[in-house]
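Hi everyone, thanks for coming along. Please have a look at the structure on the screen, and then I'll walk you through it piece by piece.

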Amino acid sequence: MNERILLSFPVGGTCFNYRVAGVAIRDGHVLVCREDDDSYCMLPGGRVEMGEPSNVALVREMAEELVMPVEVGPLLFTSESFYGREGDRYHELGFIYAIELPEHVGPGGQQPFLVREDEGHLLQFSWLPLEGSALKDACLLPPWLPARLRSLSGAPEHVVFHEGEAVE
């Protein structure tokens, strides 16, 4: 088995991350993930490995986290984010794709609809309504994401986010 090299490493006091994530939207709801007892949630996904195309990394991450196949659709966003978390600084590059989950998986019923352990972390997956305050209340990060998920254009968008700047 080849050694897995995640593209996440410290550089001069900042951590560089290369992350991939998926947007699953069904019946006006988007799938989000909360890790452990974090105060925020994010789109499901994870770090890309050395030599791995981002769409392949997303399929792998979804298989590891959701334990179900996904179909990767078009690229929705590329992002460059500069932020701090728990005293650490981050420079993150992200690729965010549309994904399709199996037809039987969707909103409705108890939330989170799936709780799994992955690499020592407890992951909770929930469907949150796109409209209203649910995404803000759940603190979906990055902060630019909720507004853009409500107005997807169909064309890939490049977003540069510096923490502390106003979010559209």
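Let's begin with two strands, β3 and β4, the latter covering residues 29-35: they run antiparallel and are joined by 2 bridges. If you want to find one of the pairs on screen, look for I25, whose bridge partner in β4 is V30. Helix α1 packs on the sheet as well, touching β8 and β9, and its direction makes about 105 degrees with that of β8. Keep in mind throughout that this is a predicted model.

Now for the sheet itself. It is an open sheet of 4 strands, in the order β3-β4-β9-β8, with antiparallel pairing. Which strands stand at the edges? They are β3, residues 25-26, and β8; each has a single partner strand, so one side of each has no neighbour in the sheet.

Just after α1, V67 takes a positive phi of about 55 degrees.

Next, the inside. The largest nonpolar core has 21 residues, and L31, L66, L101 and F125 touch the most other members. Two or more residues each come from β2, β4, α1, β7 and β9. Leaving out residues up to four places away in sequence, L66 touches L31, E61, L101, L114 and F125. Another core, of 20 residues, lies apart from that one, and among its members are L43, L76, F77 and I96. In soluble globular proteins, nonpolar side chains tend to be buried together.

Finally, let's zoom out. The protein chain has 3 helices and 10 strands. Of its 168 residues, 43% count as buried. Among contacts between residues at least 6 apart in sequence, 64% join residues at least 24 apart. And how does the overall size check out? A compact globule with 168 residues would have a radius of gyration near 15 Å, and this chain has 15 Å, so the value agrees.

Definitions and conventions: Residues are numbered from 1 along each chain as its sequence is written. This is a predicted model: local features need pLDDT of at least 70, side-chain atom pairs count only at pLDDT 80 or more; totals for chains, interfaces and linings use all residues. Side-chain values use heavy atoms; hydrogens and water are left out. Two strands pair if DSSP finds at least two bridges between them. Contact means heavy atoms within 4.5 Å. Axes are lines fitted to C-alpha atoms, for helices over the stretch in contact, and angles run from 0 to 180 degrees between N-to-C directions. A nonpolar core is a set of buried Ala, Val, Leu, Ile, Met, Phe, Trp, Tyr and Cys residues joined through side-chain atoms within 4.5 Å. Buried means under 20% relative accessible area, exposed over 50%, partly exposed in between (1.4 Å probe, protein chains only). The radius of gyration is taken over C-alpha atoms; the globule rule is 2.2 Å times the number of residues to the power 0.38.
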